[in-house]
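Student: I am new to this structure and would like a close look at one part of it, the open sheet. Could you take me through that part slowly?

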Amino acid sequence: MSETADRINTDVLVVGGGPAGCWAAWNAAKNGASVVLIDKGYIGTSGATAAGNTTTIYTRRGTAERAATVGQRVRLGHGFTEAERVERVLDRTLENLDLLAEWGYDFPSYEDGRPYRGMLRGPDYLRFMRQKLIKARVKVIDHCPVEELLVSDGAVAGAIARFRRTGETLEIRSGAVVIATGGCAFLSGALGTNNLTGDGYLIAAEAGAVLSGMEFSAQYGISPAYSSVTKGVVYFWGTFSDEEGNVLTAPGDRQNAVATELIRGPVYAILDKASPRLQEGFRRGQPNIFVPFDRMGIDPFKERFPITLRHEGTVRGTGGLKIDDRSTTTVPGLFAAGDAATRQGMSGASTGGGGPNSSWAMATGSWAGEDAATYVRSLGANWASRKARSANQREAPPSSPSGANLDCVINQTRQQILPLDGGYFRSQETLSKASGILADLWNDEAWRSGVRAKVRETEALIATSRWVTESALLRTESRGLQRRKDFPDPNPLLVRSIDSGGTEDIWASFQPQQQLSAAS
Ligand SMILES: Cc1cc2nc3c(=O)[nH]c(=O)nc-3n(C[C@H](O)[C@H](O)[C@H](O)COP(=O)(O)OP(=O)(O)OC[C@H]3O[C@@H](n4cnc5c(N)ncnc54)[C@H](O)[C@@H]3O)c2cc1C
């Protein structure tokens, strides 16, 4: 463990201040716990939601609208969506959205003036939550990445963080920890994902936590080639063509057709199927989609523009820390929420973008906060005097920034995940090669002498890539976001979860079928 400059105690430590972390902090405080909410960036502008608008799902159980939403999730989940779990997530989402309205959050309105609760403006939403948390006496700490967890007799007992500005460490002793560090997009450049490097997966796995569904992480979003904006809804009204203007007519999934053509050469889109009314609606409802077009002076409804696919990993894909039917991980005292937790029960083997993800973050965040507060109460009064040690047992070499080329290691790691030929379309050959390269990178000590905060991010990126790769190797079929060139069809015998874990010795294994309670 590093030398500690400062030490604080709190009942519940929430790591990550996106929507999942904010709802966790609020619910833990509401349930009587003292709470610290800590983020590697600034709470209100950091993470995937802070970067733009978020559609969410506001439906009431028992209505036709709710039934349609659940039915759609089950259809898109490729056998992994649990209908009752979706219902519970959406029940909690409705409750939270009503609470936001009661607190005075300024929801957008329908044309007739009625408030529309299915849309949250990211920056407003998170700034609003930040103020709410400060009023609820949650201690908010910005720009202070958590680097390792503390454990005591197999239970999580706090964390060590490091202030970005001073480099000093902060030891936080806590009765429980909520991991709400978001997903991992492998530094692909997709909007809002630039610091989502899988840190929470790494620190939790070091404490013995299990991950699940990591193979269903090959989510890519369409964006203009010159932009990071992967908001995809408008492309349903698009026509795609190759360099010469030939329209891509491949049957089936439009993204597969785009990915196949992008491996060969440039691909263009034009949003020519959107009616004038729809165009106006998009401009009003999703203004950030149009910022890059306006900057380039392009009218996307009338002119062709080059597109690309940007990796979004577990931010919009599935995969993450394994939790029970609320938010408890496999390690006592450790809870996980939002993109940090596997979303398999909600979005199955496919993406949960466009509503399910933000709902998942609200519901699992709320449950994590409530259950963490209850857990701390069960520990009795003396939890703060527990003897604790770092869960990271790897000896850190002395820091000598000039000696370590971390960017080179990060780039080699990204190359095993991001390219369309290998990352989007996988095969035994590409995955086995990646597995070997990633193991060599992990076992190389030389780069670990770099700046500590960046070394930890690099370790998180490599570890996350390894869980993805080993899980994808094991799943010898194509299903949802797992696309195997050598196994192009789904195998009905493989509707079973794959768990993974370990940091030094990575493992992945199929779980018995019955673990998928109520799988549809
Ligand atoms: C372009 C785009 C558009 C999207 N649109 C939608 C949509 O319309 N509807 C929808 O449902 N979903 C959408 N999503 C997904 C949605 O944004 C995420 O599911 C949601 O943000 C998850 O919330 P979270 O709190 O789990 O993670 P995040 O919002 O990503 O927050 C994670 C936080 O953890 C912090 N953190 C990370 N590591 C550490 C560390 N070591 N120490 C301390 N803090 C740390 C980060 O700084 C960040 O603030 C979209 C995603 C993208 C990328």
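Which residue in strand 12 stands opposite S241?

Tutor: This is a predicted model, in which local features need pLDDT of at least 70, side-chain atom pairs count only at pLDDT 80 or more, and totals for chains, interfaces and linings use all residues. Residues are numbered from 1 along each chain as its sequence is written, and side-chain values use heavy atoms, with hydrogens and water left out.

The residue that stands opposite S241 is Y268 in strand 12. Strands here are DSSP runs of E with at least two residues, and helices are runs of H or I with at least four residues, both numbered from the N terminus. Strand 12, residues 267-270, pairs with strand 11 in the antiparallel sense over four bridges, where two strands count as paired if DSSP finds at least two bridges between them. The open sheet as a whole has four strands in the order 10-13-12-11, with antiparallel pairing. At its edges are strand 10 (220-224) and strand 11 (239-242), each of which pairs on one side only. From one strand to the next, the twist averages 45 degrees; axes are lines fitted to C-alpha atoms, for helices over the stretch in contact, and angles run from 0 to 180 degrees between N-to-C directions.

Helix 6, residues 254-264, packs on this sheet and touches strand 10, strand 11, strand 12 and strand 13 (305-311), contact meaning heavy atoms within 4.5 Å. The direction of helix 6 makes about 105 degrees with that of strand 13.
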